[in-house]
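Trainee: Could we go through this structure together? I have a few questions ready.

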Amino acid sequence: MAKVDRRILKTQEALKKAMLELMTEKNFDDITIQDLADRANVNRGTIYLHYQDKFDLLDKLIEAHLHELGAMNEWACELDWKDALVPYFEFFERNYLFYSTMLTSKEAPSSFRVRLLASFMEGFKGEIDRDSGRNSDLNDDVMLQYSGTAYVGVIEWWIKNGMPYPAKDMAKQVGTLLGRSL
């Protein structure tokens with residue numbers, strides 16, 4: 001695969017950061033291409049070299065984060081709940097601006113929360129304990145919806161409240177709860 005020029009990556013990162021910062025300050029509908037260009041310190045034309053419009057930029061930003069979470073799902077299922085969730089909470093902590101904007105802002109697209117929930121539910125599918133018999137009378141769809149919604153809700157709460165507990169503590173507590181419910 002061809003290596004992407006560092007200048008292109010730097011410009012794209014500046015534009016993504018500008019989008020997030022502007023979304024914390026104003027309604028998404030009110031953000032203009034000129035606002036993005038000014039914030040990222042690029043020309044308007046430069047934006048169109050990388051993205052069709054501000055919707056494309058936001059979509060690419062969302063896709064990148066969901067892709068990274070999906071990649072974590074690949075190896076996390078090999079660990080116990082508490083150990084598996086540490087990298088997730090550390091990821092949310094490192095990407096606080098993105099997740100605080102996307103999960104707590106009224107202006108963020110509601111589709112993001114739906115896509116995040118679907119991603120986690122997909123990852124939880126193989127984690128349902130059917131061997132012990134404790135979940136024999138429970139429907140998979142209900143268990144996945146319950147666990148996924150609870151997980152996203154706790155992440156939202158944690159971020160909204162300024163991450164009052166360290167990532168490792170959150171992973172331990174949420175891991176215990178998910179282990180009990182799946």
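Trainee: How many helices and strands does the protein chain have?

Mentor: Glad you asked! This is a predicted model, where local features need pLDDT of at least 70, side-chain atom pairs count only at pLDDT 80 or more, and totals for chains, interfaces and linings use all residues. Residues are numbered from 1 along each chain as its sequence is written, and side-chain values use heavy atoms, with hydrogens and water left out. Helices (H or I, at least four residues) and strands (E, at least two) are DSSP runs, numbered from the N terminus. On that basis, the protein chain has nine helices and zero strands.

Trainee: Nice. What distance separates the end C-alpha atoms of helix H9?

Mentor: Helix H9 covers residues 167–181, which is 15 residues. The expected span is 1.5 Å times one less than the number of residues. That gives 21 Å for H9, and its end C-alpha atoms agree, being apart by 21 Å.

Trainee: Where do the buried residues of H9 fall, seen down its axis?

Mentor: Buried means under 20% relative accessible area, exposed over 50%, and partly exposed in between (1.4 Å probe, protein chains only). The buried residues of H9 include Met170, Val174 and Leu178. An α-helix has 3.6 residues a turn, so residues three or four places apart point the same way. Taking directions from the helix axis to the C-beta atoms, the buried residues of H9 line one face, because they fall within an arc of 130 degrees.

Trainee: Which exposed residues does the face turned away from the buried side of H9 carry?

Mentor: Look across H9 from its buried side. The exposed residues there are Lys168, Lys172 and Arg180.
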